[in-house]
Amino acid sequence: MNIRVLLMFYLLAIVLLSCQKVISVDVGSSAAQLVIEGNLTDHQGTQTVTLSKSVPYGNANVYPAVTGATVTLNDNTNTTYRFTETQPGTYTINNFKGRALIFYVLTVKAEGKTYYGGSTMQFPTNLDSLTLISQTFGSKSVINVVVNYQDPANIANQYRFVMYVNSVQVKQIFVENDQLSDGRSVSTTLYQHDIDLKKGDKVDVDMECIDGNMYNYWNSLSSQGGNTPQNSATPSNPPSNILGGALGYFSAHTVQRKSIVIP
Amino acid sequence: MIALLPKRITYLQFVNILSIAKLLGVLLLFLLQTHFLFAQSQYTLSGTIKDAATGEVLIGATARIENTASKGAITNSFGFYSLTITQGEHILLVSYIGYKTDSLKISLHKDTRINIELVSGHALNEIVVSDKSSRSDNVLNPQIGVNKLNTNDIKDVPVFMGEKDIIRTIELLPGVKTTGDANTGFYVRGGGSDENLILLDGATVYNPSHLFGFFSTFNSDAVKDISLYKGGMPAQYGGRLSSVLDVRMDDGNNKDYGAEGGIGLISSRIKFEGPIIKNKGSFMLSARRTYADVFLKLSGDSTLKGSSLYFYDLNLKANYQLDDKNIIYLSGYFGKDAIGLKDNFATNWGNTTATLRWNHILNNKLFSNTSFIYSNYNYVINNFSATSNINVQSKIEDFNLKQDYEYFLNNNNTLSFGAGVVHHTIMPGNISTTQTSSYNSKTIQTRHAYEANAYISDSWQPLNSLTIVYGLRANFFNLVGPGTFNTYNADGVLTNVSTYSSGQSIQTYFNLEPRISANYVINPQSSVKASYNHNSQNIHLLSNSTSSLPTDLYVMSSNNIKPGVADQVSLGYYRNFKDDQFEFSTEVYYKWLKNEVDYRNDADLVANETVESQLLYGVGRAYGAEFFLKKKYGKFNGWIGYTLSRTERKIDGINNGNYFPARQDRTHDVSLVGVYNLSKRVTISAVFVYGTGNAVTYPAGKYQIGGLTTYYYNQRNANRLPADSRLDLGVTLEGKQHKRYHSSWNFSIYNAFDRMNPYSVVFQDSAGKPSHTEAVETSLFGIIPAVTWNFKFK
């Protein structure tokens, strides 16, 4: 909820005297685990599932690909669609799209174990426009992007937004549901402090309509970073919709892109 | 220990329980009276002990007879004492810490009332060596796990931004912990910060902090006396699991008018006091306001100009003595925090409390206290932008009526008993919006409950060297309609929905809470104490952030949430040295907690109607040893406190159901406080604290999701923030003593070594070293100097 974000922003603003430094920490270690990232969109084209491994915290951000797996997708007619490995760890199916209100099941057989993930394709909600909002905090003026859409009444809707500035992804998770805004004409500011927006920057925003489980997943992940006031006091793993003990998710969702250039 | 009453208890049954309790009380009184009739050759001496200069009653003063073994009577919260002795000639010694002992010749041939006024050392401007009995009070008092402070004890301790703060000072006592620089939320013996019963003149203060926890709501100008009970809670206190912080407001001077105040860097204070009718009644009015926003107004920036950022407190107290036997007290508190950004948003929150109290001396042995108490905590959030327009209002409100008695049965037994009824209302959120807003107007259902309690306790001295305080408290909680109530199973899945009409009972809980503590005095310098207590709690605070946020959610026990219960045992050894100049104590404790509330990993606690589906339940255990060495008198005084402890929780569904350290678990906690009177006009002071870092959860691994580095966690709170330590220094320069005017300067340095203590650690992709991650520690406050000018007129 925006109010919470704003309040947090203020709390941080009060703490102008605060100081930050990089420290070395003593962390535990964990065995490598399978990570499944499966996305099925409502656009006719290539659908992708990536399989990788987690690494210990101290390692570089290089995640080993999991090759030689069998990846299949089932729909309500019990038709099985098979993905092929096009690059190590990347499994794709071409000329395919998910259809609204169909519950899809992803099956991954990798390294002798089988994993299942289920997700329902949502009806698309139209992303009407992107607008900009400029706010002054102290001597600094901050520009943020606002997404505008009409939420459909009387059904639960969940949205995820992915933002790119000059084709670089903003390292932040934006997720909303309509618990307080069912049926409203909604304007939500995508507050972010990863990339400062400047004149001439091109901003692309993907709006995804996601199912309830995926909302919980992304929402939980968004508060994961650490024990800061704006994050959860006790970070934990997000509730995955993959059965069988893998990390990651399988999400069937709509996707729609809009762009805006900072004037 | 919990017996669940039948689910649908009717009001008739409820009233019956109350009347049975009442009947038992009357019966008991009757028996005791009869018992008294046989002790014919004894008479009772009673009265009130007050400060001679201000007319304020003295709490915990001692009245005893010279050359007797009995340790005498101690005044109650309203300065009343009662002593039953054999008839004849006696010398009565009346003493109180920091006051000149008074001795009076009395000739006792009938029940007699004597009101006594003591002269304080402060008024004499000299250090008074108190009478032995009050100096060794810590050894002789049967109460274990209690710390008492008055405003004099805290006035020289250096503090954050120069704001004297009782909560920041009690955090320097063993067994009391904080979780960081910016937090007045405190943790007692492993309990949560919502498990402290914080009372201001008997009224519950739900949120004891200002400005996200940098300051407490208690303006020390308005405070007279503070008691913190960490263990062995007396039976008259209930409703929270871990501690009682009983704060009494200053009554005001009933002889002379006076004004005092201070101007500091962050806030200013002013206090007025004086008689309503001389010697009959007095008033006290105290106010404090911060002025960070005054600087905002000076800013050239128009947005900052229209912003608000401040808090204020108002304390008011008045008392009036109707006659020799009746006193009426009225006290109130009103505080508010406001934060806002022009045309953008505004939010404010605060506590309101009011206490109306009638003290009635029924006879020379029976003291009655009737109170009507109101407390309220609320917040309002406003967002003014056209598309996000929203107004959220939330409150928790209590009405409390209670009747307490103290019966000074004989010199070996003092009885306390009473009963009370509380009506709780929790309004989680009323949301109203405009047509153009992104949000719907909505009301999250308000919840109502009644809580009734009754207690009896006896302070019994079977031997001169042994005192036992034993008692029982009964607490009955009843959640009532109207409303729609969902029932969830252990997985948070909805299993039942029922709608109830107004006043209809949904759920009841009954708890019997035995309390016992004993003190065996080995010799006048040393004693051994032990206690056991059982407590229950029906109001729970849900918070999933590190800081205390004004929007943290209160819930009550319900069809889903069971009352929290705690059992604590403690054992202590008390020893005084060097003619009672030094006091040493050590206590060990073990505490079991049940029905601790936690929340699911993905819990959404804000404006969530189904929040009870997001909760998890478990148990906790806390144990530790506390050491305390205090030098009480002389030019140099202060204390050293050390706590070695462990606090763990076990919650189904978290950490694979294994015990994990609670966030406030600190293995080592050290505090040193030193105050040195360099001369009559210069006092220097220092505070040093050291503590093991809080338990936190660091990632064990990482992976990539949605193009972002994502962290893998395998054990809850298995890691530690770096240890924190801090040295604060202070100097007080007293101005020349004028007849009606006095001023002083207070200089302080917070964090004199400019140590960067950890507030939080976050993990992120390294800016300098791409494709690596780094841990970034945030510290809030480096070195902060402050100056305050204080003045006093009388």
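Student: In chain A, what share of the contacts with a separation of 6 or more comes from residues 24 or more positions apart?

Tutor: A contact means heavy atoms within 4.5 Å. In chain A, residues 24 or more positions apart account for 62% of the contacts with a separation of 6 or more; for chain B the corresponding figure is 64%. This is a predicted model, where local features need pLDDT of at least 70 and side-chain atom pairs count only at pLDDT 80 or more, while totals for chains, interfaces and linings use all residues. Residues are numbered from 1 along each chain as its sequence is written, chains are lettered from A and ligands numbered from 1 in the order in which they are written, and side-chain values use heavy atoms, with hydrogens and water left out.

Student: How many helices and strands does chain A have?

Tutor: Helices (H or I, at least four residues) and strands (E, at least two) are DSSP runs, numbered from the N terminus. Chain A has two helices and 20 strands, and chain B has eight helices and 52 strands.

Student: How much of each chain is buried?

Tutor: Buried means under 20% relative accessible area, exposed over 50%, and partly exposed in between (1.4 Å probe, protein chains only). Of the 263 residues in chain A, 51% are buried; of the 794 in chain B, 61% are. Strand β16 of chain A, residues 185–190, is mostly covered, with five of its six residues buried.

Student: Which strand is joined to β16 of chain A?

Tutor: Strands of a sheet pair through backbone hydrogen bonds, either parallel or antiparallel. Two strands count as paired if DSSP finds at least two bridges between them. Here strand β12 of chain A (residues 140–150) is joined to β16(A) by six bridges, and the two run antiparallel. A:Val147 has A:Thr188 in β16(A) as its bridge partner.

Student: What is the strand order in the open sheet of five strands in chain A?

Tutor: The order is β6-β5-β9-β10-β18, with antiparallel pairing. β6 (80–82) and β18 (242–243) of chain A are at the edges with a single partner strand each, so one side of each has no neighbour in the sheet. Inside the order, β9 (residues 103–110) and β10 (residues 113–120) of chain A are joined by eight bridges. A:Lys109 stands opposite A:Thr114 in β10(A).

Student: How many aromatic pairs are there over all chains, and how is one described?

Tutor: A pair of aromatic rings is described by the distance of the centres and the angle of the planes. Rings of Phe, Tyr and Trp (its six-membered ring) pair if their centres lie within 6.5 Å; planes under 30 degrees apart count as stacked, over 60 as edge-to-face and the rest as tilted. The whole structure has 37 aromatic pairs. In one of them, B:Tyr312 and B:Phe334 have ring centres 6.2 Å apart and planes at 40 degrees, so the pair is tilted. B:Tyr312 is in strand β22 (residues 308–323) of chain B and B:Phe334 in strand β23 (residues 326–341) of chain B, 22 residues apart. B:Tyr312 is partly exposed at 24%, and B:Phe334 is partly exposed at 31%.

Student: Where in chain B is confidence lowest?

Tutor: pLDDT is the predictor's confidence in each residue, from 0 to 100. Confidence in chain B is lowest in strand β1 (residues 2–3), at a mean of 37, and highest in strand β14 (residues 203–204), at 96. Over residues 33–39 of chain B the pLDDT is below 50, and this stretch has five contacts beyond near neighbours in sequence. Where pLDDT is low, the predicted coordinates should not be read in detail. For chain B the mean is 85, with 89% of its residues at 70 or more.
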